[in-house]
Each structure stands twice: as C-alpha cells, then as structure tokens.
Amino acid sequence: MSQLPGVTSARKKDGTIYYRSSITLSGRHLSLGSFSDAENAGNAYKEACRIIKKNSYRLEDYNDTFALSFEKFIVLMNYRNCGIYFKTPIYLHHEYFYYYLSPDKYLIFDREDLFFYAEHKIQTRGGYYFIYNYGSQYSILSRYGIKSYAKCGIDYIFINQNKYDFRYENIKVINEYMGVTEVRNNETTYYECKIHIRGNNLVGRYNDKITAAIAYNKAVDTLAANGIHKQYIKNYITQYNSKTYHEKYASISISKRITRYTSKDFLKESSHCDKISTDSNK
C-alpha cells in the first residue's frame with residue numbers, strides 16, 4: 001500500500017502495479033483516476049484538495065500540467081461552487097448548464113435535461129454527439145425529434161447560430177420527415193419530396209409536409225414492388241388513423257420516373273457508376 005494520502009496501489013491481471021487516487025466528499029468516495037506511478041496519483045489528490053479545501057483554481061486555470069483529468073476537474077469545480085456532485089463533466093448555471101467536452105468546448109443544455117446527462121456520458125465522433133442507453137447508441141438530437149439522417153441547415157437550425165447551444169428554444173426543426181424539404185419561393189411555400197436511389201430523384205412537390213412524407217413512403221413501396229430493395233426508413237405518420245392514411249396514400253401522385261424505375265435501371269446505373277469510378281482511377 002502506498003503511504004501517500006489519497007493513494008492506494010493495486011495490481012492488474014498481468015501483475016503490473018498501478019495506483020488509484022481518490023477523495024472523500026461529504027461521505028462520498030470519489031475516484032480521481034488511475035495512474036502508472038504513485039507521484040501522479042498523489043498530485044491528483046493534492047489538486048483535488050486544493051480545489052475543495054482551499055478554494056483554489058478557476059475554471060479557466062486548467063492546463064496540461066494537471067495530474068487530474070479535465071473531466072474530474074470539472075466535476076470537482078461544480079461540486080465546490082454549486083454544491084452538487086455529478087459524475088459527468090457538468091457545470092451548473094442558473095437556468096442552464098454546460099456539459100464540457102474539453103477545456104475549450106462545451107455544449108449548453110436546459111436545466112430540464114440535467115439529470116439525463118448526469119447519468120449519460122456524451123461521446124463524440126466527427127462532430128456527431130451521442131450517448132449509449134441500454135446498449136444502443138442514440139444521437140442527442142433525437143431528444144428534439146430530429147432524425148439521425150437530418151442535416152443541419154436543411155432539416156434543423158440553431159437559431160442563434162451557435163451549434164453547441166442545445167437549449168430547446170435555440171433549435172428549430174424545419175424538416176421532420178425523411179426525404180422532405182421545405183421550399184420557399186417568394187411568398188409561396190411548398191414541400192419537395194426526393195428519394196435517393198443512385199442519386200436524388202424527385203418524387204413530387206406538395207402543398208403540405210405530411211402529404212410529401214406519405215409520398216415518400218409510396219415511393220419506397222413502389223421501388224420495392226419494382227425490385228429495388230434498399231434499406232429505406234419510411235416516415236411514421238401519427239396525424240391520421242389507418243383508414244385516412246390509406247385513402248391519402250392512394251390519392252397521392254408520384255413521379256413517373258419513380259413508378260417506371262426497375263431493377264434493370266438500377267443495375268444499369270450501377271454499371272455506369274462503376275465505369276466512371278474505374279476511369280477516374282486510371
């Protein structure tokens with residue numbers, strides 16, 4: 001056992017010794033991390049004590065010389081300044097909170113999301129933010145009714161143009177249905193429906209978004225009946241009961257390009273794309 005305060009030693013399965021650092025806050029045992037040497041583990045404990053007991057450091061003071069990870073630093077700073085412990089890097093403000101991803105990047109959320117993100121760690125990959133819940137991966141945009149295929153600036157926008165501000169009042173959903181885009185032309189608004197086969201194909205233009213969404217579903221069914229079996233995600237329509245939906249579905253016209261598109265066309269376009277790709281690599 002290490003003699004340094006707040007530090008204990010342990011062994012990995014292969015026999016390697018490592019060191020754990022921890023601090024006790026209001027009877028709660030808080031891990032500060034695992035370290036390959038006792039000195040760094042001890043330094044992490046000393047930094048935690050300076051934050052909590054000596055009221056040292058400000059949020060902007062964190063740097064690469066700290067033994068504490070930035071995530072642990074935020075957890076301790078929030079506990080010291082706001083009086084509540086979260087296991088994720090949350091820092092509370094009056095009506096909102098920051099969820100820190102790094103020293104220079106944080107996401108802003110409404111207080112009503114506080115306990116969800118206190119229990120779910122946000123992960124990021126290529127600008128895509130997600131959490132794991134019951135073993136499955138979910139985009140944080142799904143909490144706003146935004147589908148995984150949605151594109152920022154087309155299907156939804158950040159009203160104040162801050163792409164890190166996820167407060168509900170700052171997110172406006174423009175297109176909530178697959179394949180549907182709102183188009184404004186002078187004083188006229190209509191909804192354009194497209195479906196991707198080998199490229200985007202126009203299904204039709206409609207006066208309202210629900211009709212356009214049903215048109216997309218009809219295009220998916222039509223292509224499937226013609227032998228085009230792609231993994232399309234159909235729109236889920238809650239506004240109509242089954243009878244009304246099918247009446248609406250039957251009355252909607254879609255492009256002849258879609259109704260006449262066959263598996264032969266698909267294979268022909270595939271061969272053409274492959275030829276272009278081969279020629280471009282010569």
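In the predicted model, the accessible surface of the protein chain amounts to about 17200 Å². Carbon and sulfur atoms contribute 48% of this surface. Of the 282 residues in the chain, 39% are buried.

The secondary structure of the protein chain consists of seven helices and 14 strands. The radius of gyration is 27 Å, well over the 19 Å given by the globule rule for 282 residues, so the chain is more spread out than a compact globule. The C-alpha trace spans about 80 × 50 × 35 Å along its principal axes. Among the contacts with a separation of 6 or more, 40% are made by residues 24 or more positions apart.

Salt bridges between side chains number 11. Three of these pairs are described here, together with the accessibility of each partner.

One of the salt bridges joins K209 and E176, with 2.8 Å between the closest N and O atoms. This pair connects distant parts of the chain, as the two residues are 33 residues apart. K209 belongs to helix α4, which covers residues 209–225, whereas E176 is found in the loop between β11 (171–173) and β12 (180–185). K209 has a relative accessibility of 29% and therefore counts as partly exposed. For E176 the relative accessibility is 29%, and this residue also counts as partly exposed.

A salt bridge is also formed by E182 and R184, whose closest N and O atoms are 2.7 Å apart. E182 is partly exposed because its relative accessible area is 23%, which lies between the limits of 20% for buried and 50% for exposed residues. R184 has a relative accessible area of 60% and is therefore exposed, the cut-off for this class being over 50%.

In the pair E192 and K194, the closest N and O atoms of the salt bridge are 3.7 Å apart. The relative accessible area of E192 is 14%, so E192 is buried; the class requires a value under 20%. K194, at 37% relative accessibility, counts as partly exposed.

Note on methods: Residues are numbered from 1 along each chain as its sequence is written. This is a predicted model: local features need pLDDT of at least 70, side-chain atom pairs count only at pLDDT 80 or more; totals for chains, interfaces and linings use all residues. Side-chain values use heavy atoms; hydrogens and water are left out. Helices (H or I, at least four residues) and strands (E, at least two) are DSSP runs, numbered from the N terminus. The radius of gyration is taken over C-alpha atoms; the globule rule is 2.2 Å times the number of residues to the power 0.38. Buried means under 20% relative accessible area, exposed over 50%, partly exposed in between (1.4 Å probe, protein chains only). Contact means heavy atoms within 4.5 Å. Accessible areas come from the Shrake-Rupley method with a 1.4 Å probe; for residues, only the protein chains shown count as cover. A salt bridge is a side-chain nitrogen of Lys or Arg within 4 Å of a carboxyl oxygen of Asp or Glu.
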